[in-house]
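Dear colleague,

I am handing over the structure below, and I would be glad if you kept it open while you read the notes that follow it.

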Amino acid sequence: MSFEIERYVIFGSPEARLNNWKELRKALSTVEEADALTMVAEYWSKVPISNFSYNPENPEEWSTPWEMVHKGLWCPLMLAVAMEMTLRLAGWSPDRMKLIYFRDYDISEEVFVLKIDD
């Protein structure tokens with residue numbers, strides 16, 4: 001099971017991106033959880049990545065998911081946040097999800113990972 005995000009949507013209008021994201025969230029309610037996770041991961045793996053723009057230590061400064069989709073620019077740190085918000089808005093309980101922040105000083109890499117059901 002997959003949900004397609006076409007290049008014309010990724011690089012199209014903000015309205016097209018927002019509508020496509022809404023269709024993804026609707027589609028998640030019609031599939032098994034394992035398939036829903038695959039769909040969300042595949043969807044967000046196709047978005048264009050910009051430079052780092054979010055400070056992981058100041059979440060109150062982060063753009064909302066709607067702002068991220070509207071702008072069409074995603075920071076690598078925010079992909080897990082976007083996945084988590086997609087699942088929440090599709091009806092998944094926030095209690096099942098945890099964002100974990102990793103920083104590897106040796107390779108200067110920062111990333112959030114979405115952990116579900118431990």
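Helix H5 (79-89) gives the most to the lining of the largest pocket, supplying four residues. This is a predicted model, in which local features need pLDDT of at least 70 and side-chain atom pairs count only at pLDDT 80 or more, while totals for chains, interfaces and linings use all residues. Residues are numbered from 1 along each chain as its sequence is written, and side-chain values use heavy atoms, with hydrogens and water left out.

Helices (H or I, at least four residues) and strands (E, at least two) are DSSP runs, numbered from the N terminus. A pocket is an open set of points on a 1 Å grid over the protein atoms alone, where a 1.4 Å probe fits, with protein on both sides within 12 Å along at least five of seven lines, and its lining residues have an atom within 4 Å of a point.

The largest pocket holds about 160 Å³ of space, the volume being that filled by probe spheres set on grid points joined across faces, edges and corners. Of its 14 lining residues, Trp62, Val81, Glu84, Met85 and Leu99 are the closest to its centre.

Strand S1 (residues 97-104) runs antiparallel to strand S2 (residues 109-116), and eight bridges join them; two strands pair if DSSP finds at least two bridges between them. Met97 has Ile116 as its bridge partner in S2, and in the hairpin, with four residues between the strands, Ser108 takes a positive phi near 55 degrees.

Lastly, Ala16 has its place in helix H2 (residues 14-28).

With regards
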